[in-house]
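This report covers salt bridges and one further residue. The sequence and structure come before the details.

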Amino acid sequence: MSSRLPYQSPEFASLLEDPLTMDQKEKKILADYQEKSKKIPSFDNLMACAELALRQHNAELVDICLTKALKLKPIAPDPHYLKASLFLAQKQTEHATNYLLEQIDKIREKTTDTARLYRLLAQCILETKQDNTLAAQWFQKGFALCGKPAFFHVTTRSPESMEKSDFDFDFTLFDLLFRW
């Protein structure tokens, strides 16, 4: 799992029952990770801080943490995923698309984390360029890293034959199977 946060823990599950409690708890956890990141600026601490900051809509802190994380591991997929997610949260889809296209070939890890990055790039391409073929090609690369399940449109059809509705189905199913 890419996230550095304990989403599967009983504590987190109990927080989901009360959104107000969850927001307050996340703010405290974010403050804790900010402090941890200052004392021990490890990749995992910085990524957890960035993820929490993104959830708390603190774009400045996300950028600070990701800049430091990318200096530690510039070829890891996770900080690029969060950076593109920040652009998307700021309604900068074109910027997210261009960023991913510039960075994607530099990423050396070939895991499901990279597959999520390819999936995000495919979605961005659909929104900004309306290019189903190019989006399908990137999404297929992602599926290849996940064992290429044979029940998705993008794994059973040629990129040229993909329709927008095919992507909607595939994105939803991909996100369920390969969670962040």
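Is Lys 83 buried or exposed, in terms of relative accessibility? At 15% relative accessibility, Lys 83 counts as buried (buried means under 20% relative accessible area, exposed over 50%, partly exposed in between, with a 1.4 Å probe and protein chains only).

The model is predicted: local features need pLDDT of at least 70, side-chain atom pairs count only at pLDDT 80 or more, and totals for chains, interfaces and linings use all residues. Residues are numbered from 1 along each chain as its sequence is written, and side-chain values use heavy atoms, with hydrogens and water left out.

The structure holds 7 salt bridges (a side-chain nitrogen of Lys or Arg within 4 Å of a carboxyl oxygen of Asp or Glu). The table gives some of them.

| Pair | N to O distance |
|---|---|
| Glu 26 and Arg 55 | 2.4 Å |
| Lys 83 and Asp 63 | 3.1 Å |
| Lys 164 and Asp 168 | 2.9 Å |

Helices are DSSP runs of H or I with at least four residues, numbered from the N terminus. Glu 26 is buried at 8%, and Arg 55 is partly exposed at 34%.

Lys 164 and Asp 168 are 4 residues apart in helix 10, about one helical turn.

Asp 170 also lies in helix 10 (residues 164-177) and is buried, at 0% relative accessibility. Its C-alpha atom is separated by 9.5 Å from that of Thr 155, 15 residues away along the chain.

Methods: Helices (H or I, at least four residues) and strands (E, at least two) are DSSP runs, numbered from the N terminus.
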